[in-house]
Amino acid sequence: MSGDTMLLLPVILPFFAGIIIGFIKDEKQRNRMVFVTIAVELALVVYVAMVESSLTVWNMTNRLSIAYHIDGIARYFAVLICVIWLLAAVFSMEYMKHEHKPARFFMFYVMSLSALVSLCFSANMMTLYFSYELMTLLTFPLVIHTQEPQAVRAGMKYLGYSIFGAGLGLLGFFFLNTYCFTTEFAPGGTLNMALIDGHENLLVTVFFFMTVGFGCKAGMFPLHAWLPTAHPVAPSPASAVLSGIITKGGVICIIRVTFYLFGADFIRGSWAQTALLVLSLITIFMGSMLAYKEKLLKKRLAYSTVSQVSYVLFGLMLLTPVGFTGALLQVAFHAVAKNILFLCAGAIIYKKGCTLVEELRGIGKEMPIVMGCFTIASLSLVGIPPMGGFVSKWFLAQGALGSSIGTLAIVGVTILMVSALLTAGYLFSIVLDGFFPGNNFNYSAVQKREPNDLMIIPLLILSIAVVFLGVFPNCLEMFINNISGVIF
Amino acid sequence: MHQNILLPLLVFFPMVAAILGYAVGRKNKEARNNWACFTTFLVMGGTLLLIGKHARYSLPEFCGLGLSFEGDGLRVVLAVLTSSIWFITTVFTKEYFAHYHNRNRYYFFMLMTLGATLGIFLSADLYTTFIFFEMMSFTSFVLVIHQESDEVIRAAQTYLGIAIIGGLVTLMGLFMMYHMAGTLNIEALAKFMATQEDKSKFYIVGGLILFGFAAKAGLFPLHTWLPEAYPAAPTPATTLLSCILSKAGIFGVLVLSCKIFLFDAGWGNFILILGVITMVTGAILAVFSVNLKRTLACSSMSQIGFVTIAIGMQGLLGSHNALAAGGTILHIVNHSLLKLVLFLSAGVIYLNLGKLNLNEIRGWGKDKPLLKFIFLMGVLGITGIPFWNGYISKTLIHESIVEYIELLHEAGQSTIYMQSVEWIFLFSGGLTLAYMTKIFVAIFVETNPYANTCYPSRKGDYISKVSAVILTLCAVALPIVGIFPYLTADKIADASYHFMGAHAPEHAVQYFAWVNVKGAVVSIAIGGLVYLLFIRKVLMERDHNGNLVYIDRWPKGLNLEDRIYRPVLLIILPFIGAFFARIAGSLTDGFVSILRMAIFNDDSGRVVPPEDRYFSAYTDEETDKIVYGEGFAKSLLMIGVGLAVAMLYILF
């Protein structure tokens, strides 16, 4: 082991703490333990992320090793993940009261965090792949938590798709091992151009399949199908982090592969770039359209994730600094907004037991604060100023128009707009019916169902974050510019 | 550059006040109402302080690109107009809303909308304009939907739908504009466009940006929300929509026409055509309407059409645009003042009767001289009778058309097109007279044959002292502006010329010369004929008791929204989209199913060990379908497939 050992701590702490949590019977004690673990984890991540440092844990061979390294991407994602993980955990403390086996849930919930932090910190392809598989396996119990046949089936689908996707990633890894100087991530790529000469097309193909493979986690067409099946069956706080955060695990891998192994210059102008842009645009439209037609609230939100995460992939595949900024902003804004939406859905299920959209008429009269947060998150996802989503959309569109992809730019921006319209269609309709149920609504049945503070406070914090980051996006933007300054 | 803190204060103070007011309103309703009046009064004072100054303020890094505000001529005129009308309406709201639910919500969003609207009028770049424009759309939506009945919800949904679509299309245009010009600052854009040889390649971008603004202004064919949403909203909100919010759309049209496409004849002509269609459509709809608020709403649409014509004429006239520019801003101001009086009067009627249908409110105002006087002032103003304010601006617009015809004549070009525009203009002026006479006669002159069944007895005055004083003051202002145009109207126009790239006309316009009065006389004659021959004869009918009543003869099917927009947007396009999305969505799963059929011999798709139901179920099918082929038959099939593949390989 060489380097800064402190780096190992945030990776292993949740893992072992999670195991302990699994054995705590007393609810209060367990909740306290969960909160303390994740809060300490957040502090640790912030602490180690302050300086650029690296750590090699284990050298398997001279080319393969488990190693961690802190850079801009690692910081950005790790802090985001921990913050949202903490808030969703607070929410689940109340929510899990009506689910069985809460100890098992929290055990895997906390343990997954270690896989995610490990994924963010990975310094090379080996570690990335290892963390990625670990993430899949540790989140699998969250999906099948209810143990109903439907959930188990969804879980198997999740597992199948994820492993297949990761397999494609692994396949690419074999090629990269040959054609790269090293599989350590380095800004701008590590391709050995002398070896590649004459094999460009092969490498571009490898890139395409790796991205499609990792795109599976991010819900990109054609490997998106697991997402609308798996997210709705999990308990709501789990769906919130699955949709908001785990999908971003795929995004991290794609960023690493694209900008830290292949390098943007190698891919720019290749058929793979065009193909991936087209795939992400198809996903954006398909996700929104299916969400618009979906009747089940959580499934609608899951389709929405399919669409919104592909905004990120679209931005990344533009391969321009502005597009990259838009993509990373979208990562943060989508993570926050989608968490709000799923947590609101959770609060509604918890308090009222409604899962269908049409049952939500008049819900705003019963749960005004929850639906208020839902409205703010919807505004952000649609991209209405001054919410966060507007800023990321602005950068994405400018990135598209400023890139060298020709007519695809206009088509892309148009699809972004159409998708925004559909997003408005499938989210605002809930808000409208919720707050303005109309004449034949039975007002006498209305009763206050506002959930308690454990649920409300995370929602409020996230909602304030959406507005605040939308009005002052520059702190994030500057941070992202530092990253993109290195990789382009 | 010197920063004037007043500008952002005017925008953000009402928003903060809205939050404070909401908190106060939970405890004390009276205090909240007074707080709202006080806030709007302060804002009005603030805008008055801007007069004669050229203030700027920028908030860099706000919302990404940063906000920037500017307060100069036209912007200050609009801001003063906004804040004063807002103040008057807020005072009136107190009485109007006395028995309403959810007043706290109304006040909150009303003050938010005020901030957002001022943000639009004081914006120095289109990015700022857009941000506040979107905010205004959403906050005003809550005002429209306030009454929450089914019809109101439907109207409000249309309002929101068109606002969202309009916003997105405008945003698309802004993306492209920013990409091409590298800036959205209005002055910088004007400079950039001045360097462009060929402006026609910007027409598409301009059209996209125009879309959202035109929708808010209610220009044809995006007007469909207007005749539904105006009557649906509570009257104070309708007043704001008609007087101010529609002008926010017009502000966008002005920025496009006077900054980006300054003196561009092609663009001017496009705007002119939109204006003409809107003007006529609005007027015709108003003639047919039998609902007081709906008539006034359609009238708003028609008047916005007049303003739009003036903007279009600015583009056509090029650097001779002084008359058109003056007409533009004066008609904006006049229309706001007139509609303030008219809508608030309608509010008084609704407050007492709870009805708006002409047959039901007929004759109610007969014995109420004060209200009759107030309403009459509004009617005379809007129909453009000399010595009332509407006449001044309509004359300017008419003169600008005449001027252009003369220019064309001198250049030896055909004037048929512009002459027909002039005649349509005069005809619409006539229609204005006809529909205003219709409602005035109905409410204040005729006797209601069913009076005793229609009017509930209400104790006390029909209007509170405060409202009466305010309304009277507003009503008296109208003829004053009309009689002394050189002291009032010309001043407003002078302040605004700079923004529209115009110079004050060399000699003052002779408003009351015969040449100018002639147009008004023609309009009045047309209006009288339409009223007597069409409205009295065709749109009225004897009912079974032999009394003449107003009937709605507008063909039911003739409705753009129900016939085209809703079916296309809500049924046809989603169906096509969902069809393709479903195909794409199930592609992978279908592929997996086929693979499973090919690979697993077991027809249920289960893998061993079957006794463990959790970790052996490798199927996501609800029912265990019988998979095609088993054993020998399947093997044969697979051999066939293999052979076919080999054949294809050899062939190609």
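How many Å separate the centres of domain 1 of chain B and domain 2 of chain B, taken over C-alpha atoms? Keep that question in mind as you move through this predicted model, beginning with chain B on its own.

Select chain B and show its C-alpha trace, which spans about 100 × 65 × 55 Å along its principal axes. Switch to a cartoon view, and the secondary structure of chain B comes to 24 helices and 4 strands. Of the 652 residues in this chain, buried residues make up 51%. If you then display contacts in chain B between residues at least 6 apart in sequence, you will be looking at a set in which 79% join residues at least 24 apart.

Next, colour residues 6–550 of chain B as domain 1 and residues 600–651 of chain B as domain 2. With both domains coloured, the opening question can be answered: the two centres, taken over C-alpha atoms, are separated by 69 Å.

Now bring chain A back into view and select the contact between the chains, which takes 36 residues from chain B and 38 residues from chain A. On the side of chain B that touches chain A, the elements giving two or more residues are helix H5 (126–144), helix H6 (150–181), helix H22 (560–585) and helix H23 (587–599) of chain B.

Note on methods. Residues numbered from 1 in each chain as written. Chains lettered and ligands numbered in written order. Predicted model: local features only at pLDDT ≥ 70, side-chain atom pairs only at ≥ 80, totals over all residues. Contact = placed C-beta atoms within 7 Å. Buried ≥ 20, exposed ≤ 12 C-beta atoms within 10 Å, placed from the backbone. Domains from an automatic or database assignment.
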